[in-house]
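Subject: Structure to look at

Hi,

Here is the structure I promised to send you. Have a look at it first, then read on for what I found in it.

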Amino acid sequence: MAKKTDDFEGINFEIIFSGRSNVGKSSIIKQLTGKNVKVGKRPGVTLKPTHIRYSDLLLTDLPGFGFMSGVKDRKQDIVKDQIVRYIEKNTDRVNVAVLVIDGASFLEIVQRWEERNEIPIDIEMFELFRELGFDIILAINKVDKIKNSELDETLDQICDKLNMLPPWKQWLDIVAPVSAKKGELKALKSLIRQRLHNEKRDDLFKHF
Ligand code: GDP
């Protein structure tokens with residue numbers, strides 16, 4: 001049984017979930033755990049991470065970053081600071097970092113930031129996870145919104161932006177195209193299981 005918790009005693013394995021607001025992070029966690037991590041209606045306004053625990057495994061939902069309708073820039077900076085602070089404080093405990101992106105809008109959003117000569121926040125997070133040595137999983141959500149004929153090309157370009165040389169299929173141990181809407185999370189579940197297996201924690205498979 002999963003339960004929401006703030007008790008970190010005896011945690012041996014932590015998986016963090018990070019991503020900009022509205023990418024479908026809560027939908028993914030809901031499907032993985034059956035728990036509703038979203039509090040309130042407005043996206044991204046929660047500052048505190050939410051935790052779900054299965055025995056000594058902790059799943060952490062970090063606050064959504066990036067665009068938030070009706071939320072001031074300053075608040076967005078606070079959210080980013082909170083995330084970075086949590087990550088840096090708990091680096092030793094975190095085994096796996098899942099970065100969730102919206103595959104259907106990622107390239108357009110990145111382009112918008114780049115036109116302003118800014119580093120897109122998703123890319124910044126990905127780089128931070130890399131620097132901290134996290135085992136990263138990139139969950140590319142909302143693939144149901146991408147035309148089948150354009151899927152490979154889109155995934156190639158997304159990987160390219162994150163410094164993973166295309167074709168994207170070279171990165172199947174990192175990249176998981178999913179659709180929370182359609183309940184298609186197989187690729188993500190299998191990568192999480194792979195990580196658990198690497199840590200000799202096949203006993204936790206039953207949760208995924
Ligand atoms: P969060 O802010 O990242 O936690 O995102 P939510 O889980 O609240 O989802 C944001 C919106 O995207 C909601 O309207 C969801 O129904 C929708 N959504 C989530 N996953 C998918 C998906 O795989 N495909 C599509 N088309 N929509 C999705």
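K147 and E150 form a salt bridge, with 3.5 Å between their closest N and O atoms. Keep in mind that this is a predicted model. K147 is exposed, because its relative accessible area is 54% and the cut-off for exposed is over 50%. E150 has 39% relative accessibility, so this residue counts as partly exposed. Salt bridges with shared partners also tie D56, R201 and D203 into one network. The total comes to 13 salt bridges.

In case the idea is new to you: side chains of opposite charge can pair when their charged atoms come close.

Now for a pair that sits elsewhere. Are K25 and D61 buried or exposed? Both of them are buried. Their side chains meet in a salt bridge, 2.4 Å from N to O. This pair links distant parts of the chain, since K25 belongs to helix α1 and D61 to strand β4, 36 residues apart.

D102 and K142 make another salt bridge through their side chains, at 3.7 Å from N to O. Here too, distant parts of the chain are linked: D102 is in strand β5, K142 is in the loop between β6 and α5 (148-161), and 40 residues separate them. D102 has a relative accessibility of 9%, so it counts as buried. K142, at 18%, counts as buried as well, because the cut-off is under 20%.

One of its polar side-chain atoms lies 3.0 Å from an oxygen atom of the ligand. S179 has a polar side-chain atom 3.4 Å from a ligand oxygen, and for K181 a polar backbone atom is 3.1 Å from an oxygen atom of the ligand. On its own the ligand has 580 Å² of accessible area, and the protein covers 75% of that.

How many residues surround the ligand? There are 16, and the closest are N22, S26, S27, K38 and D144. By type, this shell splits into 2 nonpolar, 7 polar and 7 charged residues. Helix α1 (residues 25-33) gives the most to the shell, with 3 residues.

Last, the sheet. Strands of a sheet pair through backbone hydrogen bonds, either parallel or antiparallel. In this model, 7 strands make an open sheet with mixed pairing, in the order β1-β3-β4-β2-β5-β6-β7. The edge strands are β1 (3-4) and β7 (175-177), each of which pairs on one side only.

With strand β2 (residues 13-19), β5 runs parallel, and 6 bridges join the two; S18 stands opposite L99 in β5. With strand β6 (residues 135-141), β5 also pairs in the parallel sense, over 7 bridges. There, I101 has I140 in β6 as its bridge partner.

Strand β2 has a further partner in β4 (residues 57-61): they run parallel and are joined by 5 bridges. I15 finds its bridge partner, L59, in β4.

Cheers

How values were computed:
Residues numbered from 1 in each chain as written. Predicted model: local features only at pLDDT ≥ 70, side-chain atom pairs only at ≥ 80, totals over all residues. Heavy atoms only, no water. Near = heavy atom within 4 Å. Polar contact = N/O pair within 3.5 Å; in protein donor to acceptor, adjacent residues only side chain to side chain. Areas by Shrake-Rupley, 256 points an atom, 1.4 Å probe, with all protein chains shown as cover. Helix = DSSP H or I, 4+ residues; strand = E, 2+ residues; numbered from the N terminus. Nonpolar A, V, L, I, M, F, W, Y, C, P; charged D, E, K, R; others polar. Pairing = 2+ DSSP bridges. Salt bridge = Lys/Arg side-chain N within 4 Å of Asp/Glu carboxyl O. Buried < 20%, exposed > 50% of the residue type's maximum accessible area, 1.4 Å probe, protein only.
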